[in-house]
Amino acid sequence: MEPSGTVVRFDEVGFAYPAPGGGRGPEVLRGMSLALDDGSFTWLLGPSGAGKTSALRLMHAALRPTRGAVEVLGVATGPAARGALPVLRRKIGVVHQDLRLLPHLSTFDNVALPLRLARRPEARVAQEVTEMLTWIGLEHRAQARPEELSGGEQQRAAIARAVVSRPALLLADEPTGNVDAAQARRLLALFAEMNRLGTTIVIATHSEDLVGRFPAPMMRLERGRILDHDE
Ligand SMILES: Nc1ncnc2c1ncn2[C@@H]1O[C@H](COP(=O)(O)OP(=O)(O)OP(=O)(O)O)[C@@H](O)[C@H]1O
């Protein structure tokens, strides 16, 4: 962590995806500057296509800025050596919009992945994964593969995998899109509890209901720019 206590910093960040014919396409993020403090909770809002997923992918160092600078947990991702980024990403929990559960692994093994990557002893892996699955209500589905789970169960498994290693930073892209209202409230309680324990959290969502249930700073994007950010 850098001394200022800033976990994510964007400085005049622009991002353009590669164009199909070569070169770069149009900028989808345009001159974004932001600073998210250690232990903060931010709702990332904006219409479809505004750039929420792209901004989260920059925060996860899955993408690097095409202009400006991104710093996450003290690492400037633009100039960072490729080998440094996997180490950084292990400190970040991510719930992808498309979940990305590994289809050939059981729910248990999917959730265990971050702990095994961090080389935790197997006895601890078993204990922590079991506790997490119980908390999230999936203990009875531990041996099921993702294709055998309902959409909401898959979403909960993806969230369990993102939070099981108690990351310093949690990034979630529409994490409650597939669950019912009661489950969404329960998942929000999990995020709130993690935040209370010190995890910095950014959640992109279209759900006004969810946002209404947990008052926190909102950052609104529109066409790749920050429209407003109440801190
Ligand atoms: N892999 C890609 N290649 C090219 N363009 C992309 C790619 N992914 C996203 N885009 C474009 O970038 C822009 C921002 O998309 P992004 O997915 O970041 O928005 P979003 O706010 O997350 O939208 P949604 O709420 O629909 O998920 C859109 O114009 C989109 O078409």
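View 1. Helices (H or I, at least four residues) and strands (E, at least two) are DSSP runs, numbered from the N terminus. The largest share of this shell, 3 residues, comes from α1. Residues are numbered from 1 along each chain as its sequence is written. The model is predicted: local features need pLDDT of at least 70, side-chain atom pairs count only at pLDDT 80 or more, and totals for chains, interfaces and linings use all residues.

**View 2. Residues around the ligand.** A residue is near a molecule if its C-beta atom, placed from the backbone, lies within 6 Å of it. By class, the shell has 3 nonpolar, 8 polar and 1 charged residues. Ala, Val, Leu, Ile, Met, Phe, Trp, Tyr, Cys and Pro count as nonpolar, Asp, Glu, Lys and Arg as charged, and the others, Gly among them, as polar.

**View 3. Domain 1 and domain 2.** The domain assignment, automatic or from a database, gives domain 1 (1–91 + 167–231) and domain 2 (102–166). Their C-alpha centres lie 23 Å apart. The contact (C-beta atoms, placed from the backbone, within 7 Å) takes 13 residues from domain 1 and 11 residues from domain 2.

**View 4. The side of domain 1 that touches domain 2.** β7 (169–173) and α6 (181–196) are the elements that give two or more residues to this side. α6 gives the most, with 4 residues. This side of domain 1 divides into 8 nonpolar, 3 polar and 2 charged residues.

Definitions and conventions
Contact = placed C-beta atoms within 7 Å.
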